[in-house]
Amino acid sequence: DDDADKEGGDSIISNLRFFEAASCLFGPDNNPINDGLFDSNEDKSFNIIANGNDCAFDKFASGIEAEMTKRSVSCTGVGGVDGAIAELMTYYNLPYGNQVRSKVASICLKSYEAINLPFDYITQKGYFHDLEFFDGGGELNYEHQIGSENSLLRDGGRIKYVEETFASSRAISFPSEMHQFRDCELRAAMCCFVASRQKAPTKDDTSTRLCDPANEGFACDLTGNSEVCLVDFSNAPKSAHVRDGYSLYGPLGSQDAYCTGFAWGDDEGRAEAALKGNTLFHVAMAEHVYSKGFVEEVPGAPMCGCIEKMPVVTEVPSCTDIEVTQQVTVRFDHIIDEIIAEVDVSSVKTTNCDGKSLPEHYATLSTSGEQEALGKIIVGDGQCTAAIGNFLETKGLEYSTAGTSQA
């Protein structure tokens with residue numbers, strides 16, 4: 001039952017299935033269940049996905065289902081997608097059906113290893129340099145060009161090199177080992193920039209600075225597209241350098257930022273998930289830092305990171321996704337008794353999510369519960385006061401704007 005007393009009550013378990021620890025389609029020749037299914041001279045290898053455009057789980061399962069139908073076999077007595085899952089459970093000796101998706105994802109992701117480009121290859125300045133960059137520090141964020149000094153074209157030269165040489169044909173790894181991108185449970189990432197590296201001359205500083213939009217496209221000043229409501233330091237303590245604390249903005253003090261992001265679905269075999277490192281490179285480095293000169297972080301938060309670690313903001317109208325042209329082949333090779341995936345990537349291009357905002361694009365990739373969670377981070381125009389009030393309630397505090405004025 002569903003009351004508070006957990007010592008009593010009935011448990012009802014239904015739809016149980018028991019599978020033989022063997023597979024009809026996979027496994028070595030001496031598998032007795034395979035007897036009679038193949039001619040002794042027949043090649044028992046078969047394609048699961050042949051020249052597909054991705055390695056999505058549904059296509060993987062459909063390929064196995066098609067082979068079962070072709071051979072009119074099922075060790076488990078279960079057909080369709082469930083039968084395909086059962087075949088993989090028995091072949092890999094997996095106790096639970098939900099583990100099959102993870103196994104298929106690992107097979108699909110392994111196909112990109114041959115064309116993998118480690119993220120630290122981009123700058124070639126080491127792990128801690130890149131870690132500091134994503135927290136809004138380092139020379140790429142802090143230095144400003146004066147005359148020929150601190151040239152972004154020079155400091156960011158490797159970004160341009162990687163963009164032109166590798167970004168459209170290699171699989172750039174996603175830096176999940178960095179604290180900013182560890183455990184992205186909502187499968188979305190965001191960057192919020194608060195300054196421009198290239199600043200225009202003032203009456204007190206007439207030094208020539210490279211910021212003419214007609215000259216390499218650099219912006220003289222950052223124009224925000226979102227308002228920062230609050231930063232909860234506990235969401236990213238390594239970026240904030242304190243374990244806990246918070247900053248409140250909204251009616252108490254405005255903080256404009258330029259926020260942009262991307263998201264991926266829960267199927268790691270699909271291109272937007274498998275190549276999310278390419279999207280991160282474009283969003284964080286190629287487009288906004290190198291091409292536009294946008295830099296630095298909202299204090300207490302990463303400049304870029306999993307969306308759960310980022311500030312609470314009103315809007316993220318800027319969104320990036322990718323279009324990938326590739327050929328994927330997944331094949332069972334009975335000689336080596338292994339399922340092998342191979343991929344040939346022809347091009348990787350970034351797009352603007354068909355003009356959608358990040359929340360709108362995310363809605364096509366997520367559940368209603370995930371969208372609700374995102375809605376507590378991207379709260380909507382004019383919703384800072386409510387977001388701050390809800391946050392302070394968790395601290396046992398009541399929020400009032402009486403007597404305050406917009407800074």
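A search of the whole structure finds six disulfides, a disulfide being counted where a pair of cysteine sulfur atoms lies within 2.5 Å. The structure is a predicted model, in which local features need a pLDDT of at least 70 and side-chain atom pairs count only at pLDDT 80 or more, whereas totals for chains, interfaces and linings use all residues. Residues are numbered from 1 along each chain as its sequence is written, and side-chain values use heavy atoms, with hydrogens and water left out.

One of the disulfides joins Cys191 and Cys304, with the sulfur atoms 2.0 Å apart, and the link is right-handed, with 115° about the S-S bond. This pair connects distant parts of the chain, since Cys191 belongs to strand β4 (residues 188–193) and Cys304 to strand β10, 113 residues apart. Helices (H or I, at least four residues) and strands (E, at least two) are taken here as DSSP runs, numbered from the N terminus. Cys191 counts as buried at 2% relative accessibility, and Cys304 is likewise buried, with a relative accessible area of 0%; the term buried means under 20% relative accessible area, exposed means over 50%, and partly exposed lies in between, for a 1.4 Å probe and protein chains only.

A disulfide is also formed by Cys229 and Cys384, whose sulfur atoms are 1.9 Å apart, and with -85° about the S-S bond this link is left-handed. Because Cys229 lies in strand β6 (residues 226–232) and Cys384 in helix α13, the pair ties together parts that are 155 residues apart in sequence. Both Cys229 and Cys384 are buried. In the disulfide of Cys319 and Cys353 the sulfur atoms are 2.1 Å apart, and the link is left-handed, with -65° about the S-S bond. Cys319 lies in strand β12 (residues 318–319) and Cys353 in the loop between β14 and α11 (358–362), so that parts 34 residues apart in sequence are tied together by this pair. Both Cys319 and Cys353 are buried.

Strand pairing was examined next, two strands being treated as paired if DSSP finds at least two bridges between them. Strand β1 (residues 46–52) pairs with strand β13 (residues 321–333) in the antiparallel sense over four bridges, and Gly52 has Val328 in β13 as its bridge partner. Strand β13 is also joined to strand β14 (residues 338–351) by 13 bridges, the two running antiparallel, with Thr329 standing opposite Glu342 in β14. The strands β13 and β14 form a hairpin with four residues between them, and Asp337 in the turn has a positive phi of about 55°.

In helix α4 (residues 127–134), the buried residues are His129, Asp130, Leu131, Phe133 and Phe134. These buried residues pack against α5 (139–142), α10 (276–291) and β10 (304–306), where contact means heavy atoms within 4.5 Å. The helix α4 is followed by Gly136, whose phi is positive, near 90°.

Rings of Phe, Tyr and Trp (its six-membered ring) are paired if their centres lie within 6.5 Å, with planes under 30 degrees apart counted as stacked, over 60 as edge-to-face and the rest as tilted. By this rule the count comes to 15 aromatic pairs. Among them, the rings of Tyr121 and Phe166 have their centres 5.6 Å apart and their planes at 80°, so the pair is edge-to-face. Tyr121 lies in the loop between β2 (116–117) and α4, and Phe166 in the loop between α7 (157–165) and β3 (171–172), so this pair ties together parts that are 45 residues apart in sequence. Tyr121 is partly exposed, with a relative accessible area of 25%, whereas Phe166 is buried, with a relative accessible area of 13%. The rings of Tyr246 and Phe391 are also edge-to-face, because their centres are 5.2 Å apart and their planes at 80°.

A charge is taken to sit over a ring if NZ of Lys or CZ of Arg is within 6 Å of the ring centre and within 35 degrees of the ring normal. Arg158 lies over the face of Tyr121, at 4.9 Å from the ring centre, and Lys276 lies over the face of Phe174, at 5.3 Å from the ring centre.
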